[in-house]
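Me: I'm looking at this one for the very first time. Could you take me through it, one question at a time?

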Amino acid sequence: MLLFIPVVVFAVLVLVLWLGLSLNPQELPSVLIDKPMPAFAMSTIEGEEVSNIDLPEQIFLLNVWGSYCLPCLVEHPTLMRLSEEGEIPVVGINYKDQDDLAQDWLQTNGNPFAFSIYDMQGRLGIDLGVYGAPETYLVDADGVIRYRHVAVLDEEVWINDFVPAIAELKAVSEQ
Amino acid sequence: MIPELGSFSLILALCLSGLLGTLPLAGAHSGNALWMNLARPLTVGIFVFLGLAISILAWAFATNDFSVSFVAQHSNTLLPMRYKLTAVWGGHEGSFLLWTFMLAGWILSVGTFSRSMPLDFVARVLAVLGLLIFSYILFMLATSNPFDRIVPLPPADGADLNSALQDLAFILHPPTLYMGYVGFSVVFAFAIAALLSGRMDAAWARWSRPWANLSWAILTLGIALGSWWAYYELGWGGYWAWDPVENPPLIAWLLGTALIHSLAVTEKRGVFRSWTVLLAILAFSGSLLGTFITRSGLLTSVHAFASDPDRGLFILGILGVAIGGSLLLFALRAPLMKSEAGFELLSREMFLLTNNLLLVVSAASIFLGTLFPMVYQALTDELISIGPPYFNVVFVPLMLILIAFLGIGPISRWKKTSATYLSKQLGKVLLASMILGVGLPLLVLLEVSIPATVTMIFASWILLSIVKDLAAKVANKSSLEQGLRGLSLSYYGMQTAHFGIAIMLVGVAFTGYFGAERSVLLAAGDSVALGEYEFTQVGTSRVNGPNYFADEVLIEVTRQGELIRQLHPQRRLYIASGTPSTEMAIDPGFFRDLFVTLGEQKDNGAWSMTIYVKPFARWIWLGALFMAFGGSLAAADKRYRRLRVKTNILHSRHHTSPVTASLNPAK
Amino acid sequence: MKPHRQKRLGIILFITAGLAIAAGLTLFALRQNINMFFTPTQVVRGEVTSGVNFRIGGMVKEGSLMQAGDSLQVQFVTTDFVNEVPVSYTGILPDLFREGQGIVAEGQIDISGIFQASRVLAKHDENYMSPEVKAALDAAGASSENYSMALESES
């Protein structure tokens, strides 16, 4: 009978590990998932007035960035590729930044954004529940937030998280 | 097109390993020699196709094929060629391919070097290994195929390899660690084959021993390389952090250490048989668990791969079936191998049992400390962490007790040792260790230092008991040379490894107690003293590497006014990923390491930096080298090859253990 | 048979005693070295007594990092967007320490309510958010109203 102790202990261990897996330590829930994008009327970093009606009428990315933000530089090539190749429009939120620095940054590194909302105070960020730059939201054609990714959006994240999420949205809207 | 060939090779290897996992097993069960004989050719096939797969992945890296997702994530056109090739194992998918390929290598060598074992036994061993590698390849194809493409539009350039991984020790660390880890699968397969065939005797132990010793030696080397990497690359001034991902290899190593000792008892004396089988299963479980923890994202740490709960679930499945199944088999079969405790309370068997107890308990306590935060969270929803002090408090005393027994074990006799014999043999050794322990630190430091004294007592205890044992072994031989020649390689292996422990002990203790560190802010021209050294910041210059920019600070180290070394720590910015990274500067030495890591440069040009003086740091890894060397010596002992022939003859008589007769030796 | 039984009993006693001592040692060490984890809100509510080692996790508040020009002392504020705790640390911050990013600090709270950190951890991975930081934000019920309150009270 004693010889069964190892099996039993191991079974308990597997159970614990299984529970541990379901704790899933790295996911961040968002308060705004499946809610419409908050209303805003602000200016771009170039000073033009923008509001909700200027948002693309298709699925698009809303990317929170800043010229001070080093990881933004990391995800920048991916955003550039996405917008240059017309895969998806990208709207920027320039978060707690200065407009001149932001414009310089885009000049140097390239501008993937249809436009960048100038959110110096972080007001829009507050409404969205932004933790900090970089952060990216997937918004559908009706302006409803469908997915949120905190931290760098690189090719891996794009393929593993965003592409399936977009495919799902498209499948739903076609039905 | 070429990456698809890689996937195709994997699928072929999967089919072959499926065959290897079933046919020879069925053959061994029904006595079909043809099916059993299929095992060896199949091992060659699996090795070739996995080798092909890994070469194709390396090719994709070499040719910058960023359409392959794994390549795009871990390489970059700017990356130097050697790092492109080693980036093959710079992420989860590729490193798992490497792991699987290593297992294929072990399987191939088991097939090749097992000519002298009975065919049905070899068939079972290879089939068990076949089932293992089948599940690994299936896992790879299902959740983490390294050849997956980015469709439809591949990026123009890759994301770069994590800067901490662009390094020489990293090139060597994972392959070595995997090699050792995976080696325990072989010992595991031997144990399962023994359980399946009911042949759990000394012959089984003898066949397993060289494999166990070799895997143990390689695992020792792998862990040492990892700790060396952490020491000079991560730049926090330590070599072991009790990080949740560092711990599993150590757990596997401790269980493996217990296993190689217990195998010795089983081979020589025929006792502890079920215990040894259990240890073989546990050591293997330790290695699988290590993989699970690293790859499931269950615990987050510096070393963890990008996590994916699906992968975790899959590995947990493999873990559950492989370990759960073998433990169940063990519970059902172990009652068959009753052996009488043919030894006294004071005997070498008993000392080795103590060794096993200590090693298993320390493995269990590290396991507990590693998983406890997770269990606690699952039960109470509260987050806790367990600090390094826990591990030190538990591990250090256990190891010191182990070292105390380490001096006695090899000198004691099998079956029965009298207390008077032991005290006669070791009394003087103990006295001499005490004298050395108190005297040496006093002479060198000119003051009383308890840590130094304790360390020296234990280190001398190991060293002198080895010398004493050697002296006793050659005492009644005609000449010293003849006496030394008469001793077996496995004896030399054991003593070399034990000697390695003494060296490592000195390294660990002295670095810990006499190491000094200081965080300071130094402007150009400023200097700071640490111990007997003076560090002066001379100036900063800009250096451009192949894929990074760096600020390099020149630091001159002087001792008593004399310049002894210039150090060049850097703070790098990797271009492709934009990650900052500090490159520390080390002046290595046999008796001390000096090193400097940079923090940030302040507005006035001054640098914040941490300066360390680490006495005897090298000895930690030197000790590990001795241990690994000792393990390989023991594995190379020709005794294992010679005796195999004899055991075959013994084995024609079924199930009777060749040692039952020797349990009551004539002596 | 009898001496045999005795021997077996001896071995079993030996193993049991060994295991008991080891278990005792382990549990003792475990009790001494568990670092509880607290969020800034829990700290502000006074759930922690001073003089006890624990870990605090949260975001480094934007604009809160102050570095002394002539020493290695740094001060910053860690927040879960509801409450804030000032942290003081002497030493070199990790490579990836940044404002607006999650960190975990280990240390004690002093009588003036400043967290004196002995260690500051930020992960070696850009994509990392420590589960502890995440838990801190969850625990604070980080909804948008709370963010607004937190950020408004600062301006």
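Reply: Strands are DSSP runs of E with at least two residues, helices are runs of H or I with at least four, and both are numbered from the N terminus. Residue numbers start from 1 along each chain as its sequence is written, while chains are lettered from A and ligands numbered from 1 in the order in which they are written. What you see is a predicted model, where local features need pLDDT of at least 70 and side-chain atom pairs count only at pLDDT 80 or more, though totals for chains, interfaces and linings use all residues.

Me: Okay, strands then. Which residue in β7(B) stands opposite E552(B)?

Reply: Start with β5(B), which is joined to strand β7 (residues 570-574) of chain B by five bridges. The two strands run antiparallel. Facing E552(B) across that pair is Q570(B).

Me: How many bridges does β5(B) make with strand β6 (residues 562-567) of chain B?

Reply: These two also run antiparallel, and R559(B) stands opposite E562(B). They make a hairpin with two residues between the strands, where Q560(B) has a positive phi near 50 degrees. The bridge count for β5(B) and β6(B) is five.

Me: Which residue in β11(B) stands opposite D593(B)?

Reply: Look at strand β10 (residues 592-601) and strand β11 (residues 607-615) of chain B, an antiparallel pair with eight bridges. There, the one opposite D593(B) is K614(B).

Me: Let's hop to chain A. What is the average twist from one strand to the next in its five-stranded sheet?

Reply: This open sheet has the order β5-β4-β3-β6-β7, with mixed pairing. Its edges are β5 (116-119) and β7 (145-150) of chain A, each pairing on one side only. From strand to strand, the twist averages 20 degrees.

Me: Which strands of that sheet does helix α5 (residues 155-174) of chain A touch?

Reply: In that sheet, strand β6 (residues 135-139) of chain A pairs with β7(A) over five bridges in the antiparallel sense, and E135(A) has V150(A) as its bridge partner. Helix α5 packs on the sheet, pointing about 175 degrees from the direction of β7(A). The strands touched by α5 are β6 and β7 of chain A.

Me: Now the helices of chain B. Are α9(B) and α19(B) roughly parallel or roughly antiparallel to each other?

Reply: Helix α9 (residues 202-234) and helix α19 (residues 617-635) of chain B have axes 7 Å apart and pack at about 165 degrees. Those axes are lines fitted to C-alpha atoms, for helices over the stretch in contact, with angles running from 0 to 180 degrees between N-to-C directions. Under 35 degrees counts as roughly parallel, over 145 as roughly antiparallel, 65 to 115 as roughly perpendicular and the rest as oblique. That is why α9(B) and α19(B) are called roughly antiparallel.

Me: How many charged residues does the contact of α9(B) with α19(B) have?

Reply: W216(B) and W228(B) are among the α9(B) residues that meet α19(B), where the partners include W621(B) and M627(B). By class the contact has 13 nonpolar and four polar residues, where nonpolar means Ala, Val, Leu, Ile, Met, Phe, Trp, Tyr, Cys and Pro, charged means Asp, Glu, Lys and Arg, and polar means the others, Gly among them. As for charged residues, the contact has no such residue: none.

Me: Last one: how far apart are the C-alpha centres of domain 1 and domain 2 of chain B?

Reply: Chain B is divided into domain 1 (1-162), domain 2 (167-337 + 344-392) and domain 3 (516-618), with bounds from an automatic or database domain assignment. Domain 1 puts 24 residues into the contact and domain 2 puts in 26, where contact means C-beta atoms, placed from the backbone, within 7 Å. On the domain 1 side, α7(B) gives the largest share, 11 residues. The C-alpha centres of these two domains are apart by 23 Å.

Note on methods. Contact = placed C-beta atoms within 7 Å. Pairing = 2+ DSSP bridges.
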